[in-house]
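The structure is shown first, and the description follows.

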Amino acid sequence: MSENELYDYAITLLAKKDYSSGSLHRLLSKLTEKEEDVDRVVRRLSDNHYLNDTQLINNLIDKHIKKFHGPTRIKQEIRQKGFPQELIEQKIEASGIDWYSLAKEARIKKFSDTPSSEQKEKAKQIRYLQYKGFSMDMIFESFS
């Protein structure tokens with residue numbers, strides 16, 4: 001494919017779904033051997049504001065917070081979409097979320113307001129919060 005055909009194809013893809021620059025680069029690289037054409041197309045899309053990794057990461061973080069996901073899970077899920085690790089870290093730090101209170105809200109929403117004194121039930125709640133992506137210190141703080 002020529003550079004213009006790649007650009008048109010990328011526009012078609014972006015009209016249907018948001019892509020990170022990394023994932024779009026991988027998709028376009030499968031269509032041509034000319035890596036420099038792919039680089040120019042991705043750069044051109046970014047310059048024309050069709051690709052905006054920062055805005056997309058912010059949207060994804062908001063989506064995951066509404067699902068009561070913790071920072072570990074959010075980082076993992078966003079990293080799988082092809083975003084740069086340092087940008088993910090920067091945006092999560094800048095989000096200003098109180099992860100400890102979010103962990104507590106997630107526990108209360110799923111279980112109840114009073115933490116169980118039963119060891120089996122407490123272990124179940126800990127596993128749930130780990131699955132949601134909270135660290136152990138956030139989890140133990142949610143019980144207090």
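Contact here means heavy atoms within 4.5 Å. Helices (H or I, at least four residues) are DSSP runs, numbered from the N terminus. The model is predicted: local features need pLDDT of at least 70, side-chain atom pairs count only at pLDDT 80 or more, and totals for chains, interfaces and linings use all residues. Residues are numbered from 1 along each chain as its sequence is written, and side-chain values use heavy atoms, with hydrogens and water left out.

Axes are lines fitted to C-alpha atoms over the stretch in contact, and angles run from 0 to 180 degrees between N-to-C directions.

| Helix pair | Crossing angle | Axis separation |
|---|---|---|
| H2 (residues 21-29) and H3 (residues 35-47) | about 145° | 10 Å |
| H4 (residues 53-66) and H6 (residues 85-94) | about 55° | 10 Å |
| H7 (residues 99-110) and H8 (residues 119-132) | roughly 125° | within 10 Å |

The angle of about 55° makes H4 oblique to H6; angles under 35 degrees count as roughly parallel, over 145 as roughly antiparallel, 65 to 115 as roughly perpendicular and the rest as oblique. The crossing of H4 and H6 is right-handed, a term used if the near helix is turned clockwise from the far one by less than a right angle. From H4, Asp53, Thr54, Ile57, Asn58 and Ile61 touch Leu87, Ile88, Lys91 and Ile92 of H6. This contact comprises five nonpolar, two polar and two charged residues, where Ala, Val, Leu, Ile, Met, Phe, Trp, Tyr, Cys and Pro count as nonpolar, Asp, Glu, Lys and Arg as charged, and the others, Gly among them, as polar.

H2 and H3 also cross in a right-handed sense. Ser21, Leu24, His25, Leu28 and Ser29 of H2 meet Glu35, Val38, Asp39, Val41, Val42 and Leu45 of H3, a set with six nonpolar, three polar and two charged members.

For H7 and H8, the crossing is right-handed. Ala103, Ala106, Arg107 and Lys110 of H7 contact Gln125, Tyr128 and Leu129 of H8; four of these residues are nonpolar, one is polar and two are charged.

The largest pocket holds about 160 Å³ of space, a volume being the space filled by probe spheres set on grid points joined across faces, edges and corners. On a 1 Å grid over the protein atoms alone, with a 1.4 Å probe, a pocket is an open set of points with protein on both sides within 12 Å along at least five of seven lines, and lining residues have an atom within 4 Å of a point. Its lining consists of Lys17, Asp18, Tyr19, Ser20, Ser23, Leu56, Leu60, Lys81 and Phe83, divided into four nonpolar, two polar and three charged.

Definitions and conventions: Helix = DSSP H or I, 4+ residues; strand = E, 2+ residues; numbered from the N terminus.
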